[in-house]
Amino acid sequence: MNNKSMQEASELFFALLEQQVLPFTNDLVNNYNKNQEVRQGVKAMADAAGLMVMIGHQNIHLVASGIDSKFATSYTHMKSKYTGLKLKKYFYLANIIISIFIYLIDRDNNMRIQREEEGITYFKLESEISKTLDHWYKQSKINEEFSKKWQIDIEEIYPLWNNWPLKRGNEQDDISLLKKENKLGFIHEAIKPLKDQNLIIDHMVEYRIIPKEALYERIDLLYHRRDRFKEIKNLIEEGVNYGEN
Amino acid sequence: MSISKGVKTMDVYNGLFERLKKIKSISALGTGRQVGSLAPHSQSIALQLLLYVMKHEMLENDQRSKEDLINYTKEILTRMGLKSDEEETTALVESVIHYGAYERGESFSFELYNEKTGQLEDFSFRYLVTDKEASQLEKGGRSIYRLTDLSKEIIFMTREILDEYGFSVEQFYVSQLIKNGNFTDARGAVDNLIMKVKDLIKDEEVFYENIIRNPRNIFLEHRRLNSKIIKQQFEDETEVFEKMFKWKTLLLKSESDEKKKAGEEIFEKLEYARVLHDVLAEKVIENMELKIRIRSQYPDLLWQQQNYSFKEHIWEGIIDQKGLDAMDTFEKILAPLFSPVIDFIYPLDWAWQSQQTQFKEEKSLEDLHFEIDEGYQVPPIDFELIKKLFQPIFKSLLYKGSFDFGSLDSLTIDEKNEWLSQRINIELLMMYAMTPIVLKKGEYSDLRLKLFNALLAEKPNLNQLIGRRIQAQLTGTPIQWEVLEISPYKLYLEEVADE
């Protein structure tokens, strides 16, 4: 690899580190598309750092490739906030909330739908979370497919969520002022990693969460592709103990 | 006077009573009687009955009696998969014909606010009336029904939403009103025209975005017409605009001052509508060209692939149903949604530098013909400078076994400026911190090894470092220069057994 390619590759890599997402109109991205050496260079740097370069329809993204990334993300920041046996369930709950949010906004067939502009309200998300936890809580005792470990976690998370009031304080309260020991306040906490990376608009006055285009691109790239789906399926089934009680 | 100013002066109250009538007639459809279990579907069935009558009227078919309608309702119910109860079915048909008990034969009647009189006024109407010519009542024939003007309007109103000729219809309507000098009604109609064309522009924009997201969306039922017909349609519409503008001088000459003013306002709005119409035409043609280009140049994008989604396959298919093996698995699924957060900040002038780069490129665009192949040349890396800057770092690794980023704070201003003189200096430093690297002798494309070998050539005693691994920890002191901040990284050496 020559010096020029190396320099272009590192420039792009660092620009991505700084910006996280770059549009195709960016000159550095142009180099990437034209020059295979630049592509290899960027990939090598990303691989070494446990990162992944993804090419969307309009943007190029740099994201953590899994849990072994050398870099902190807004998500790992959240995780480190909830370490230790007692706090871990908060992190699990946050994961459930993020997943349900993505489930609610994920669109079929890449079609633009109302939700993209309107977003999901905190209340809709809250009721979906409650519904899901109820379902799991009831099912985990009778459904043999649930793993033992999952059952134990659900038994901890279910009361955690249900013992919280919907929100704390009077009606005028801004969500950001709510402490996390209530449902809406914790939703706000849980989606913060998405907000910190500019993937959503957390509209605290209207209690709405509006996904941005960059988030849709990532969902597309991560969960809509055959190869990625296979990978995720393998991850899920790795060392699986479904139903082993 | 500006064009937009004319658009803003739409009077909210103008025609309120008439509008209320339309709304009422739609909302009261299918509510003439209690229809029991059919209540949730009464409006849908009632509309289908109106369509049935219209179709038969157009074909001059007399099968439009109450019995015919009851029979057709049964067909509708079967089609919709609903249970049909004789009594309810009859009640539903009767509810379209009369308000309340059929025998009483009452019209629908409501009190609505009339903005002109400032009072509530009675509004009575029917959806169906007896078609006297067809019924032969004298001979004892049954009542054959036909649509009233109001129910025709309901059908037209709902039809227009589906109709891609909507713009033409609206435009035709405007032109008729203007031609007849009916400027009061024309004003509202032009407003509708503007709204319509804005909607259509929005449609095209959404369609474009959808294609960019997924090229297979070109198969969406967006515009069924082929490009030739659409082009023709736009030409026709443009012609109608031109025709209307030709009337302008003619019409306004003969009118009173007041009417002239109203007329001028309308033509101003019309001009705005025409500009929007041109925008629309451009977008439609662009999208059609995009479709053709994708089909001809990138057919591979259109191959049917199995679509996976988080919603269906990951959430509904797996997690929601049977959970995960353990909650920790969520992490593996969600972690890649997030980008790394860097913990150092570039000097400000580097941000400016990239701005300058852009300027340079823009300038070269003007002289495109002879600079196109050159492009903008990135300044070459000053490798000698890199060697000079990194030599102390390797020395520190060699003698102390570690190097603290914060120690660069003690450099002189000149030395700091050397560090900042090219981006690659700091980037290379960060690369050592980011990922571990084993120092090896030889030719490598990794810039870090390249540098090591270059230094090794000059300082042979660095060969003691060969086979050692450079690691980083956040246990040092941070770099805190005025223009540069880096987290407290500390490089240190690690033994590697197996190299």
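Lys149(A) and Asp328(B) join their side chains in a salt bridge, 3.9 Å from N to O. The model is predicted: local features need pLDDT of at least 70, side-chain atom pairs count only at pLDDT 80 or more, and totals for chains, interfaces and linings use all residues. Residues are numbered from 1 along each chain as its sequence is written, chains are lettered from A and ligands numbered from 1 in the order written, and side-chain values use heavy atoms, without hydrogens and water.

User: Which residue is linked with Lys149(A) and Asp328(B) in a network of salt bridges?

Analyst: A salt bridge puts a side-chain nitrogen of Lys or Arg within 4 Å of a carboxyl oxygen of Asp or Glu. Three such bridges are found across the interface of chain A and chain B. The network that holds Lys149(A) and Asp328(B) also includes Lys88(A).

User: What area is buried between chain A and chain B?

Analyst: Buried area is the accessible area (1.4 Å probe) that two parts lose on being put together, summed over both. Carbon and sulfur atoms give 62% of the area here. Phe14(A), Tyr103(A) and Tyr223(A) supply 10% of what chain A buries against chain B, more than any other three residues. The total is about 7200 Å².

User: How many residues does chain B bring to the contact with chain A?

Analyst: Contact means heavy atoms within 4.5 Å. Chain A brings 89 residues. Chain B brings 66.

User: Is Glu94(B) buried or exposed?

Analyst: Glu94(B) forms a salt bridge with Arg33(B), 2.2 Å from N to O. The pair links distant parts of the chain, 61 residues apart: Glu94(B) is in helix α5(B), Arg33(B) in the loop between α2(B) and α3(B). Buried means under 20% relative accessible area, exposed over 50%, partly exposed in between (1.4 Å probe, protein chains only). Arg33(B) is partly exposed at 30%, whereas Glu94(B), at 6%, is buried.

User: Why are Asp196(A) and Lys192(A) separated by about one helical turn?

Analyst: Their side chains meet in a salt bridge, 3.4 Å from N to O. Asp196(A) is partly exposed at 45%, and Lys192(A) is partly exposed at 35%. The separation is about one turn because, in helix α10(A), they sit four residues apart.

User: At what angle do α4(A) and α5(A) pack?

Analyst: Helices (H or I, at least four residues) and strands (E, at least two) are DSSP runs, numbered from the N terminus. Tyr75(A), Met78(A) and Lys79(A) in α4(A) meet Phe91(A), Ala94(A), Asn95(A) and Ile98(A) in α5(A). The axes, lines fitted to C-alpha atoms over the stretch in contact, are 9 Å apart. Angles run from 0 to 180 degrees between N-to-C directions, and this one is about 145°.

User: Which residue is the bridge partner of Asp202(A)?

Analyst: Strands β4, β6 and β5 of chain A form an open antiparallel sheet in the order β4-β6-β5. Two strands pair if DSSP finds at least two bridges between them; β5(A) and β6(A) have four. The partner of Asp202(A) lies in β6(A): Ile209(A).

User: What is the relative accessible area of Leu120(B)?

Analyst: Leu120(B) is in strand β2(B). Leaving aside neighbours within four places in sequence, Leu120(B) is in contact with Glu111(B), Leu112(B) and Tyr113(B). Leu120(B) counts as exposed, at 54%.
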